[in-house]
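Please examine the sequence and the three-dimensional structure shown below. The paragraphs that follow lead through charge, core and overall build in turn.

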Amino acid sequence: MNLDFTSLKTTSVAAVKDERQKEKIQERQKAQELEQAMLSERELNPYWKDGGTGLPPEKDEAASVKKVNVVEDAGLSWLRKSYQRMKEQAEREKRSFEEIVAERYGSMEVFQSRLEEAEKVASRRENYYRSGGWKKTDYSQSEKEKKEQHMKKETRDEDNRN
């Protein structure tokens, strides 16, 4: 019996390992794709669907700057702090102040209008609080007398106990 070993197909151990590794990688990729497809089917946030970042696309930066939350002082302190930082940046970078304001807000007029608007709202709120609009109403004269009598009675009771 003569068997010709050259006619038989042979594979090395390294080639077999490479094939197995490729198969495992392909299986993992298929599993990840299937998992991603399942997630996007059930996803409620439309910005996460189809591989999104989860955030709506920004149209332009000027629109995002306009979204300033109104705080107690209508953002006045925030705008003043922004003004101070822009001034410091201009000194640090040796650039004109107007140039930096234009980068952040579009133009100096836009920044000034926002600052004036915040000052108006803040002054209105301050006037409201000063006028006592938020304070509790004063007691009537008879209620004040009742309180005074009650306080006198309590002090008399304490004196009698001693």
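Asp18 is found in helix α1, which covers residues 13-42; helices (H or I, at least four residues) and strands (E, at least two) are DSSP runs, numbered from the N terminus. The model is a predicted one, in which local features need pLDDT of at least 70 and side-chain atom pairs count only at pLDDT 80 or more, while totals for chains, interfaces and linings use all residues. Residues are numbered from 1 along each chain as its sequence is written, and side-chain values use heavy atoms, with hydrogens and water left out.

Is Asp18 buried or exposed, or does it lie in between? With a relative accessible area of 45%, Asp18 is partly exposed. Here buried means under 20% relative accessible area, exposed means over 50%, and partly exposed lies in between (1.4 Å probe, protein chains only). Together with Glu19, Glu23 and Glu27, Asp18 forms a negative surface patch. Patches are made of residues with over 30% relative accessible area and no salt bridge; like charges are joined within 9 Å, and nonpolar side chains (Val, Leu, Ile, Met, Phe, Trp, Tyr) within 5 Å. Lys and Arg count as positive and Asp and Glu as negative, whereas His and the chain ends are not counted. The place of a charge is taken as NZ of Lys, CZ of Arg, CG of Asp or CD of Glu.

A patch of positive charge is also present, formed by Lys81, Arg85, Arg92 and Arg104. Which helix provides the largest share of the positive patch? Helix α3 (residues 76-93) does, with three residues. Arg85 is found in helix α3, and its relative accessible area of 48% makes Arg85 partly exposed.

Charged side chains can also pair. A salt bridge is a side-chain nitrogen of Lys or Arg within 4 Å of a carboxyl oxygen of Asp or Glu, and by this rule the count comes to four salt bridges. One of them joins Arg80 and Glu119, whose closest N and O atoms are 3.9 Å apart. Because Arg80 lies in helix α3 and Glu119 in helix α5, this pair ties together parts that are 39 residues apart in sequence. Both partners are partly exposed: Arg80 has a relative accessibility of 49%, and Glu119 has a relative accessible area of 34%.

Arg95 takes part in a salt bridge with Glu99 (3.2 Å, N to O) and in another with Glu103 (2.2 Å, N to O). Glu103 is exposed, at 51% relative accessible area. Salt bridges that share partners join Glu93, Arg95, Glu99 and Glu103 into one network. Within this group, Arg95 is partly exposed at 26% relative accessibility, and Glu99 is partly exposed at 40%.

The interior comes next. A nonpolar core is a set of buried Ala, Val, Leu, Ile, Met, Phe, Trp, Tyr and Cys residues joined through side-chain atoms within 4.5 Å. The largest nonpolar core has 13 residues, of which Leu79, Met86, Phe97, Val101, Tyr105 and Phe111 touch the most other members. The elements that give two or more residues to this core are α3, α4 (97-105) and α5 (108-130). The most comes from α5, with five residues.

Finally, the whole chain may be considered. The protein chain has six helices and zero strands, and 12% of its 162 residues count as buried.

Conventions: Areas by Shrake-Rupley, 256 points an atom, 1.4 Å probe, with all protein chains shown as cover.
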